[in-house]
Amino acid sequence: MIDSASLLAVLPELILTAGGLVLMLVAAFGGDGSARVVNWLSVITLAIAGVALSCSLAHGPDAFDGLYRADAFSVFAKALIYSAAAAAVLLAPRFFSTDGAPRPEYPILILFAAIGMGMMVSAGDMLTLYVGLEINSLASYVLASFMRQDERSSEAGLKYFVLGSLASGILLYGISLLYGFTGSTGFDGIAVALGDGVSKGELFGLVFVLAGLAFKISAVPFHMWTPDVYEGAPTPVTTFFASAPKVAAMGLTVRVAIEALGPAGLDWQQIVIFVALASILFGAVAAIGQTNIKRLMAYSSINNVGFALIGLAAGTPAGVAGTMSYMAIYVLMTIGAFACILQMRDADGKPIETIASLAGLSQSRKGLAAALAIFMFSMAGIPPLFGFWAKFLVFDAAVAAGLTALAAFGITASVIGAFYYLKIIKTMYFDEPTAAYEAKGGSVENIILTACAVVIVLGYLLNPLLDQASAAAAASLF
């Protein structure tokens, strides 16, 4: 049933839809010359949608007869998604202007992807889940191949489309199995059916659903698309892929595991533990030999997803709160790191992606080197930076849930991961200088990376606010 209260719950999505359609007309009539205006209006639209989250929360938890959830968990995730999407829009114009005029289609695609991501984290039914996921995916496929004149970008888009379609098929098959054996597509209905015991058919459905979701969060063994797409896609698009969709997919996975599959916790917990362990180990080891910094960040994202899943494996409110706090801190570190990567340009302003080109950066661009060092130290989990707190939260939740061995493995694997982060710092500060980057970075990039670096350094001051928000988000699922 559609009523005014339900429409109020989906107000953020309605704002993004209206904004996207209007800006699409502006781009159509204004051409490439409207890119700057469309860019800023897209950021404003995302900000307005963020403000509207308070209205959706005031409505209550369920809308459209349980198809859509407007709770504290969805608000927390959407705040991260919209912030990351706005950052990806702001970082794009300077990059695209090096290969011609900026394109107004880019921020519009980001808006449409944000609509899908919002539906993903608010899904209360498998059908809502799938529709939201496909809306996000369709926009993402185009974004990956956005630079049509670049072979790498076209290849990235094709690989993402083919593998994404396969994952969507796996997910849809899992949904059909769960519907067939439980008689419901609603999360509540599935949970009730699983509460009577998990049959073999339901178990197969559970496995297929989690496999499809593992692809979306780029967890091992469904990670194969990540390095190629991260490297081939335009760097602002990679920034977007590494942040907002990652939060949406992780939020969706958490909601499905806790709300829909909660009574089958012992069954899915084993799967999540295996995926977490494999992602942590593979992401850490595979990143060591990388020479391209975007590919390194791809393996870093796989590694970080493994750590975030440790909180979900605990299956407790503290574990879910730890996972969402981890994603919030991860988004900050990722956006800051990519803002630094976007400033890796030669004297002619052309982007450079090799790690070796960072040699001597501490002499030619002291501020940039310091900021990138902060993000690398934080991702490695070095105290007192904010990245340490993210890992501490998920490890603490795992130990409290009796998963001490899992936490011990994660702590040990953190040492392996620290190697490739410290390798970047060593290259910047101790290697013989190579050709210097362009003397000055973009003002927007500087502002964003400075803001992220300050939060990473002084993040402990925000701990009470972050802990309270993540705890409220987790409590709404239990």
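Student: How do the residues of the lining of the second largest pocket divide into nonpolar, polar and charged?

Tutor: They divide into 12 nonpolar, three polar and four charged. Here Ala, Val, Leu, Ile, Met, Phe, Trp, Tyr, Cys and Pro count as nonpolar, Asp, Glu, Lys and Arg as charged, and the others, Gly among them, as polar. Keep in mind that this is a predicted model, where local features need pLDDT of at least 70, side-chain atom pairs count only at pLDDT 80 or more, and totals for chains, interfaces and linings use all residues. Residues are numbered from 1 along each chain as its sequence is written, and side-chain values use heavy atoms, with hydrogens and water left out.

Student: Which residues lie nearest the centre of the second largest pocket?

Tutor: Arg36, Asn39, Leu90, Pro93 and Arg94 do, out of 19 lining residues.

Student: Where is Ser199, and is Ser199 buried, exposed or partly exposed?

Tutor: Accessible area is judged with a 1.4 Å probe on protein chains only: buried means under 20% relative accessible area, exposed over 50%, and partly exposed in between. With a value of 30%, Ser199 is partly exposed. Ser199 sits in the loop between α9 (187–194) and α10 (200–216); helices are DSSP runs (H or I, at least four residues), numbered from the N terminus.

Student: How far apart are Ser199 and Phe181 in sequence and in space?

Tutor: Along the sequence, 18 residues separate Ser199 from Phe181, and their C-alpha atoms are 8.1 Å apart in space.

Note on methods: 1 Å grid on protein atoms, 1.4 Å probe; cavity = no way out; pocket = protein on both sides within 12 Å on 5 of 7 lines; lining within 4 Å. Helix = DSSP H or I, 4+ residues; strand = E, 2+ residues; numbered from the N terminus.
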